[in-house]
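Grab your viewer and let's work through a few exercises together. Try each task yourself before you read its solution.

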Amino acid sequence: MAGSDRQIEHLLRRAGFGARPDELSLYGAMSTTQAASALVDYDATPDTVDSKIGSPGYVGTTVTGGAFSPQSNINHARQRWLFRMVHSDRPLQEKMTLFWHNHFATGYNKIAGALSAAEAARYMAAKASEDPGQVRGQIEMLRDNALGRFKDILLAIAKDTAMLVWLDGRTNTKAKPQENFGREVMELFTVGVGNYTESDVYAAARVFTGWNLQRPGSAADGSQHYEFVYNAGQHETTAKTFSFAVYPDGGKTIPARSAADGMQDGIDFINGLASHPNTARYLATKLYRFFVNEFGAVNVTFVSRVAQVYLQNGGDMKAVMREVLQSPELWDASAYFARYSWPAEFVARALKDIGWSGFSVNDALTPMSNMGQILYEPPDVSGWDAGQTWFSTSAMLARMNFASSLAGNQKFNLATAVKKANASSTPEALLAYFVDALVTAPMDPSVTVELSNYLHANGAWTGSDAQLQTKSPGVVHLIAGSPEYQFV
Amino acid sequence: MKVTRRQFVKGGVAAFTVTFAAPEFLSDLARAQGAHVRNLVVLYLSGGNDSLSMLAPYNDPFYASRRPTLAIPAGQVLQIGTDSSNVALGLHPRLAGLKQIFDQGRLAFIQRTGYANQSRSHFTGTDIWSTADPNNAQGLGWVGRYLDSLPSPVDPLVGWNTTGSLPHVLQGHTAVPAIASPSSYAFSSPNSGAEASAERATAVRIASHVPVDRPELAFVYGSTQAALATLDRVSTVASYRPSPAYPNTGFAQALQAVAGAMTKSIGTRIFYVTTGGFDTHSAQNVNAANGAYSNLMGTLNDGLLAFHNDLKAQGLLDDTLVLSFSEFGRRISENGSGGTDHGSASVMIAMGGKVKGGLYGTAPNLNMDPKNPTLENSNGDVTYETDFRSVYAQVLDSWLGTDSTKLLGGNFRKGGIGFI
C-alpha cells in the first residue's frame, strides 16, 4: 500500500468502505474524475459479490446449523451485507444503500414481533431470486435503486412491506387514518421538520388510507407473502389540502376522487414531496454530512448547488452523486478525515486494511452492536444519530476491542506481510509500514513516539517471527484503536 | 440524523480534565457514619408513553367511550385514590409493585406535565424534554448543564449512562461514560502478560496527548481517556450480585448496574436508564395479559420494584431519586389500529426514599365539550397543567441543591407540586 494515492483513498473512504489492495490498484490508475465516474457508473461493473460468499480468499461467514440463509435469518443477512461492504466491486452502491437504510430507517425487531423472525428477515433482506414468492426485501429494493430517481425510491418505500408494518401503514383505513407514516414521510424522508404543520400530518394520513397489505401465494410452496395492495374500500376520498404546494402549478389541494382512483392521491403527494425544494435541500444537507464533511457548519454553497442539480434532473440520484463526488468541497483539504466513521465503515475499513483471511464477519456483529450500530436495526425511524454520538466511552472501547480481536486473528498474516515488505529490521521500519497501511487522520508526533516506545518495550528488537507475531498485532491494535483512525 | 446536535461540542472537550485525581474510597465508611449522597436516576420512557393507560381516570365516561378497546375497566385498575380535583385514578393492572411503593408513600405522579404548543415529533419532543428549552432544543441537555456546573475537577465517573450512546439529556462539556454492561467494559489485547500491559499503558499515554486545537479529534480522545480512566472502578460493579436477582430485561439489568455502582460507592451520582417501545400506534393491547402495553408496564414495574427493594435493603433508598419523562403523551381517542397516535401532555413519575408520594396536579377531563380547558387540539389531546421545567426545577433546587433559575434560564418554580 506504500506510496498510494491519498486522494483515491479519501474518495474510497467516502464513496465506499475504504480500499482493498486491488481497489487501490484499480482506482489508483485513474484520475480522481475518472475514479468518481467509475464509482457512479457502477452498472458497468458486474455484480457478482454474493457468489463469492464462502469462497477461499474472502472474509468468512459463520453458519451454525443449516444453510446460509440471508433471506430468512437476520444474522445471516447482516453477515452478507458486511461481506458486500468488504468485497463488492461496486462500493458506491453499498455506501448509498447504507445511506438510504439510515434515511428510511426501518427496524427488524418490530417487524419480527408483528410477523415472525424469518418473515422479518425476508421483508428486510431477501433477494427476489432466492425467495419462493419473489419477495424483494427493503434493503434489496434500496440497493437496486441506490442511484435511482428519488420519487421512485419514495414510492417504492411507501409500498414496501417492511415499511407498511414498521410505520403501521397496513392499518391505515378510512374510518381511522393512521398518522405514523404520514408524519415521518414529511419530517424524516422529504421536507424536514419545520416545513409542515400538524394538519398536514392529518391530511397525509388520509392520503395514504387504503395503502395496506394483502397476502397472496401458497403456504404449501412457501410463496405466500405479504405485499402492498391499494384497498379502494378503505380509501378516504375527500379532498386533502396542504400548507405547501403539492402540484407544479402551486396547487395545494389533492382533489376528491372516486375510491377506485384514489391511489393517485398518494402518487401525487409523493411526487409533490419529491420535487419540493425543501426536499432537495434536506437531501443535499444529509449528503453533505454523509459524504463530504461533518465538521463545522453545513456548507450552504454546496447545499444550494446540489439541491439545484437534484431539481434540474428530476431527483436523479446518479446525477446528484456525480456532482457530490466531484464537488470542490469534497476535494478540499479540510474535508480529509472530516467525518466520524460509522461502525460499519470502521469495521469494513479495518478488515480491508488489516486483513480478512481467516476472519468471519459473524465475529464483527456483537462488536458492532457495542459500537452502536446493528444493521437492519436502526434505533428509530430517524436513523442513527451518528457523529460524536458514535463515540461514547463504551462504543470507543468496543472499537478498540474489535481492533484487538481482528489484529490478534491476523497476527500471522501481519507478521508475514511485514517480512515480505522488508519492514522487520527495526521497530521504526515496522511502525512506518503499519502507519502507511492503516491511514489515519494526521497523528501528532507525540503519538508516534508512544507507538515507537511500545515497540521498544519488553526487550531488545530481534525481528524474530515470535516478536513480529507479538508486536505487529500489538501496534495494529493501537493504531486501529487510536482516535485518529476513527475518522474517514 | 441530527446535524445541528453535533455542533454542541465545538471544542467542548478541550476543557476535558486531563489529570483527574482518583476519588478516595471513603464513601463506605462515610455511609456507615450516616453520611448521605444524593443520586439522581433519570428514566426515559422512549416513544411517547400513553399515560392514560398507566394512570387511568377509570370513572370518566369519556375514557371508556373514546377508548372502546383500550380503556381499562374500573374493575381491573389498581385503585390509588383520587386527586385534588376528585378524579378517581387507578394504575395499570401490571403495576402492582408501583402500587406497593405508592402505598408506602415513596412514589409520586405529577399529572399533565408538558409545555405550550407541545411538539408531536419524537425527535423534536425528546430534544425539548432533554434540553428543557423549547426554543433551542439543539442545545445542551439539562442534566449535562448541571454536571458542567459542578466544581472541577469533575470525576469522570460522576455520571453513568446505561445505554450505548450519549442521550441528549446528558450532553454537556462533561463527558459521561456509556456503560451498558459493566462486565464487557474492559480493555482487551491480542497479546497477554507484559505485552498486554504495555499496550494498555501505551493507550493510556496516547490518550493523554489531547489535541486541543482539533476539537472533533479531541472529543474522541476525551471518550478514550474517560473509558481508560474508569475501567477499573467499573469492573468492581460487575461483581455485584444482588439477591433476589433482578428480572432479565435490559431495563432491570441496567438498574441492577446502577444499584451496583451505588453499593460499591464508586463515586457516580447521576445515572441514565431507558426503556423503550412506547410508540404504540397499533395493537397497543392495554388489557391483554401479554399485550404490548401490558408488557411495557410489566418491564417498568418489575424493574423499578426490584431496584426499590434492593436499594431499601442496602439502606440507599433515601439517597436516591428516580425521575421519569417521555417525549409526549398520546392521543386520547384510540385509532383504527387498536393503538394511539402522538399526543401532548403526559405524567411524570418520581420515586425515592425522600419522595413525598401521592398524586400531584389534576387529571384531564376527557369530555368533548369545546370549552373543556384540560384538552387541546379539538379535544384530541391533553393540555399541560404543569410545565415540565417546574418538575426539573424542583429536582435541581430541592434534590441536587443547585439553583434551578440558572440552569433552566428562568424561574420555573411552582407551588403545589412539592414531591421532594
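B:Pro244 sits in the loop between helix 9 and helix 10 (250-263) of chain B, where helices (H or I, at least four residues) and strands (E, at least two) are DSSP runs numbered from the N terminus. This is a predicted model, in which local features need pLDDT of at least 70 and side-chain atom pairs count only at pLDDT 80 or more, while totals for chains, interfaces and linings use all residues. Residues are numbered from 1 along each chain as its sequence is written, chains are lettered from A and ligands numbered from 1 in the order in which they are written, and side-chain values use heavy atoms, with hydrogens and water left out.

**Exercise 1: salt bridges**

Task: work out what B:Arg112 pairs with, and how far apart in sequence the connected parts are.

Solution. 
- Step one: use the rule, a side-chain nitrogen of Lys or Arg within 4 Å of a carboxyl oxygen of Asp or Glu. Over all chains, the structure holds 48 salt bridges.
- Step two: B:Arg112 pairs with B:Glu385, with the closest N and O atoms 3.6 Å apart.
- Step three: B:Glu385 is in the loop between strand 12 (381-382) and strand 13 (386-387) of chain B, and B:Arg112 is in strand 5 (residues 107-114), so the pair ties together parts that are 273 residues apart in sequence. B:Glu385 counts as partly exposed, at 28% relative accessibility.
- Step four: contrast that with chain A, where A:Arg143 and A:Glu140 meet in a salt bridge at 3.9 Å, N to O. These two are 3 residues apart in helix 8 (residues 138-144) of chain A, which puts about one helical turn between them. Both A:Arg143 and A:Glu140 are buried.
- A:Asp47, A:Asp50, A:Arg84, A:Glu94, A:Lys127, A:Glu140 and A:Arg143 form a network of salt bridges.

**Exercise 2: one helix**

Task: is helix 14 of chain A mostly buried or exposed, and what is its span?

Solution. 
- Step one: helix 14 (residues 277-292) of chain A has 16 residues and reaches 21 Å from its first C-alpha to its last. The expected span is 1.5 Å times one less than the number of residues, and for this helix the 21 Å is close to the 22 Å expected.
- Step two: 12 of the 16 residues are buried, so helix 14 of chain A is largely enclosed by the rest of the structure. Among them are A:Tyr282, A:Lys286, A:Arg289 and A:Phe291.

**Exercise 3: the interface**

Task: describe how chain B meets chain A.

Solution. 
- Step one: 57 residues of chain B are in contact with 65 residues of chain A (heavy atoms within 4.5 Å).
- Step two: the two chains bury about 5,100 Å² between them, 56% of it on carbon and sulfur atoms. Buried area is the accessible area (1.4 Å probe) that two parts lose on being put together, summed over both.
- Step three: the rule finds 3 salt bridges across the interface of chain B and chain A. A:Glu450 forms a salt bridge with B:Arg205, the closest N and O atoms being 2.9 Å apart.
- Step four: on the side of chain B that touches chain A, helix 1 (3-6), helix 6 (122-131), helix 8 (193-208) and helix 9 (215-238) of chain B each give two or more residues. The largest share, 10 residues, comes from helix 9 of chain B.

Methods
Buried < 20%, exposed > 50% of the residue type's maximum accessible area, 1.4 Å probe, protein only.
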